[in-house]
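This report describes one protein chain in plain terms. Please look over the sequence and the model before reading on.

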Amino acid sequence: MAEVVEAGLWGLVAGSALLVGAVIGFGVRVPAKVIATVMAFGAGVLLSAVSFELVGEAFDQAGLAPAALGTLAGAVAYTLGNVWLARRGARHRKRSGRHAAHAQPSEEQQGGSGTALALGALLDGIPESAVIGVSLLDGGAVSLVTVVAVFISNVPEGLSSSAGMRKAGRSKGFVFGVWGAIAAASTVSAVLGYTVVGAYSPAVIAAVTAVAAGAILAMVADTMIPEAFEDAHLAIGLVTVCGFLVSFGLSHA
């Protein structure tokens with residue numbers, strides 16, 4: 001029971017970063033270059049965590065085939081979900097709205113886009129939280145690198161997205177309601193990752209970890225890096241590498 005509670009608490013910690021970012025993004029006009037820089041750093045942190053903490057762990061547990069197939073399946077599932085949501089107004093859900101061509105639509109511009117934005121945030125957050133719970137299955141200790149990586153990446157995500165929601169005319173109640181619900185869902189997802197996945201064999205656990213890794217990797221490439229490049233431009237490579245190295249250092253400390 002104690003580890004179930006611990007899984008939920010770590011999921012809540014990681015998910016609450018979205019709410020922290022939302023408070024900042026909705027209430028403070030953060031310069032676009034700052035948002036882009038933090039987003040690039042968070043992307044690098046996640047890339048490292050996916051490589052060494054998730055795919056690497058899946059490979060060690062079950063070998064190349066489950067790791068590779070699981071990663072591909074996660075990327076395919078995320079991409080299909082993202083395509084469906086993009087057609088309903090959630091394509092630019094992580095964008096701050098600084099550029100009109102990449103601004104989030106208002107409900108008047110596209111009916112149902114608010115629901116699509118909420119579902120998009122859920123799609124982005126669930127895989128990250130699930131692997132936090134799954135990481136507890138390996139020796140009874142959570143992967144702090146994974147928690148740190150998710151937390152760092154969630155702050156700019158909530159910041160940029162909430163700024164875009166504000167510019168699209170979304171109410172304060174909607175913005176904080178979405179991110180509060182995602183933080184709660186992150187808690188549940190981490191608990192389910194620990195309790196449900198833990199009942200299966202190491203090969204299945206490895207495959208699930210790889211599925212989450214594939215979804216996260218697809219999310220980074222599809223949403224975080226484009227948002228960062230939009231304003232950071234040539235600096236994105238250096239900042240992303242710095243984030244990658246920080247996460248790499250933590251995983252080998």
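## Burial and surface

Of the chain's 253 residues, 48% count as buried, meaning under 20% relative accessible area, where over 50% is exposed and anything in between is partly exposed (1.4 Å probe, protein chains only). The accessible surface of the chain is about 10600 Å², and carbon and sulfur atoms account for 73% of that area. Such areas come from the Shrake-Rupley method with a 1.4 Å probe, and for residues only the protein chains shown count as cover.

## Basis of the model

This is a predicted model, in which local features need pLDDT of at least 70 and side-chain atom pairs count only at pLDDT 80 or more, while totals for chains, interfaces and linings use all residues. Residues are numbered from 1 along each chain as its sequence is written, and side-chain values use heavy atoms, leaving out hydrogens and water.

## Fold

The chain has 8 helices and 0 strands; these are DSSP runs numbered from the N terminus (helices: H or I, at least four residues; strands: E, at least two). Among contacts (heavy atoms within 4.5 Å) between residues at least 6 apart in sequence, 85% join residues at least 24 apart.

## Helix 7

Helix 7 covers residues 202-232 and contains glutamate 227. A kink of about 40 degrees is centred on valine 220 in this helix, the bend at a residue being the angle between axes fitted to the seven residues ending there and the seven starting there. Histidine 233 follows helix 7 and has a positive phi, near 50 degrees.

Glutamate 227 is buried, because its relative accessible area is 1%. Glutamate 227 and threonine 37 lie 190 residues apart in sequence, and their C-alpha atoms are 9.7 Å apart in space.
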